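This briefing covers backbone details, aromatic contacts and pockets of one protein. Please keep the structure open while reading.

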Amino acid sequence: MFINATGFYVPADRVDNEHFRELNGLTSEWIEQRTGILTRSKAKPEENVNTMSLEAVRDALPHLPYDIKEVDLIVSASYSPHDTVATAAHTVQHVYQIAGAKALYLSSACSSFMNALEVVEGYFASGKAKKALVLSADKNSAYYNETDPKAGHLWGDAAAAFFLSKELVSETDAEILEVYTCGLGDLPKAMEAVHLFPKEGGIAMPEGRDVFMQACTYMPKNVLNLLANHGYTLDDLSYFIGHQANMRIMANIAKQLNLPEEKFLHNIEELGNTGSVSSALVYAQNANQFKSGDLVALTVFGGGYSTGACLIKQR
């Protein structure tokens, strides 16, 4: 499976840490120390997952080596949909008149993007699609509670678009060597750790400590397994992109794996936790800096619980 083009959209507005002092009593210094976040992106009231996904597609189109109407599968991945019926996938299909394409929506918390890649892989393997578009986006500001001292200060908004093909289209296409996902609902605190009740308090993370511990366990484990599956070691890894939940998680993983700081790509300090799009967003933001032969790992952990990873080789 190959990546033909990527695009992204990040709202222009930023919310700094001082915003939360009166709302939940947390100081700017405390938030930075505990999360690494300095500001977070915030969509305008009229923006949503559908509009942000459209912007991400527009950003990708100049780099797409074929007509968007050749896409035969569109997958929207998000846990914060604007419309659960006319989803981002259907919106993009309508705007670009991509007749005949399959369009669907899926959600697996912060692992949603990785699950979308695996769904595309399955459609490709079954012969039911040849070119796909994955839309990953979350508007956390539509659901968060800024007065919540446990998680109200974490969230950002953003979108990314990935055009994928079963076969190589361009010599510059990056190859996704493997995608892995796994549900972890069997873990002891999986059901109460993170939840989003749209009409009852929005998104919350009452078991943040457990989330931290599990993320520090599963995200590096995923990457090590994928590397081993393809005969690579950590020394072969060019870049590590983790779910942008907390910089302390990245620091913990760096220590576990003994990886230098320059191998970690991140944006949480400026954009906050952008949810299921976070790792895809970091990849898309850095796509122009990757060189031929680079090996890039994306790994995630989300509520539910859920986890996943993919290994990408730059051509």
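Tyrosine 305 is found in the loop between β12 (295-302) and β13 (306-313). The model is predicted; its mean pLDDT is 97, and 100% of the residues reach 70 or more.

**Confidence by element**

- Strand β10 (residues 202-204) has the lowest mean pLDDT among the elements, at 91.
- The highest mean, 99, belongs to strand β7 (residues 157-165).

**Backbone with positive phi**

- Alanine 109 is not a glycine, yet its phi is positive, at about 55°.
- The loop that holds alanine 109 runs between β5 (102-106) and α5 (112-126).
- Asparagine 258, another residue other than glycine, has a positive phi near 55°.
- Asparagine 258 lies in the loop between α8 (247-257) and α9 (268-271).
- With a relative accessibility of 69%, asparagine 258 counts as exposed, because the cut-off for that class is over 50%.

**Aromatic pairs**

- The protein has 7 aromatic pairs.
- In one of them, the ring centres of phenylalanine 162 and tyrosine 283 are 5.7 Å apart and the planes meet at 40°, so the pair is tilted.
- This pair links distant parts of the chain: phenylalanine 162 belongs to strand β7 and tyrosine 283 to helix α10 (residues 278-285), 121 residues apart.
- Phenylalanine 162 has a relative accessibility of 1% and therefore counts as buried.
- Tyrosine 283 is buried as well, because its relative accessible area of 3% falls under the 20% limit.
- The rings of phenylalanine 301 and tyrosine 305 also form a tilted pair, because their planes are at 45°, with the centres 4.9 Å apart.
- Phenylalanine 301 and tyrosine 305 are both buried.
- Phe113, Phe162, Tyr239, Tyr283 and Phe290 are joined into a cluster by ring pairs.

**Charge over a ring**

- Lysine 131 places its charged end over the ring of tyrosine 66, at 5.0 Å from the ring centre.

**Largest pocket**

- The volume of the largest pocket is about 730 Å³.
- Its lining has 34 residues, and those closest to the centre are Met205, Gly208, Arg209, Val211 and Phe212.
- At least two lining residues each come from α2 (28-35), β9 (195-197), α7 (208-229), α8 and β12.
- Helix α7 gives the largest share of the lining of this pocket, 7 residues.
- By class, the lining of the largest pocket consists of 20 nonpolar, 10 polar and 4 charged residues.

**Second largest pocket**

- The second largest pocket has a volume of about 440 Å³.
- It is lined by 22 residues, of which Ala5, Thr6, Thr172, Ala287 and Asn288 are the closest to the centre.
- Strand β1 (2-9) and helix α10 each supply at least two residues of this lining.
- The largest share of the lining of the second largest pocket is from β1, with 5 residues.
- The lining of the second largest pocket divides into 9 nonpolar, 9 polar and 4 charged residues.

Terms used
Residues are numbered from 1 along each chain as its sequence is written. This is a predicted model: local features need pLDDT of at least 70, side-chain atom pairs count only at pLDDT 80 or more; totals for chains, interfaces and linings use all residues. Side-chain values use heavy atoms; hydrogens and water are left out. pLDDT is the predictor's confidence in each residue, from 0 to 100. Helices (H or I, at least four residues) and strands (E, at least two) are DSSP runs, numbered from the N terminus. Rings of Phe, Tyr and Trp (its six-membered ring) pair if their centres lie within 6.5 Å; planes under 30 degrees apart count as stacked, over 60 as edge-to-face and the rest as tilted. Buried means under 20% relative accessible area, exposed over 50%, partly exposed in between (1.4 Å probe, protein chains only). A charge sits over a ring if NZ of Lys or CZ of Arg is within 6 Å of the ring centre and within 35 degrees of the ring normal. On a 1 Å grid over the protein atoms alone, a cavity is a set of points where a 1.4 Å probe fits but cannot get out, and a pocket is an open set with protein on both sides within 12 Å along at least five of seven lines; lining residues have an atom within 4 Å of a point. Grid points are joined across faces, edges and corners, and a volume is the space filled by probe spheres set on the points. Ala, Val, Leu, Ile, Met, Phe, Trp, Tyr, Cys and Pro count as nonpolar, Asp, Glu, Lys and Arg as charged, and the others, Gly among them, as polar.
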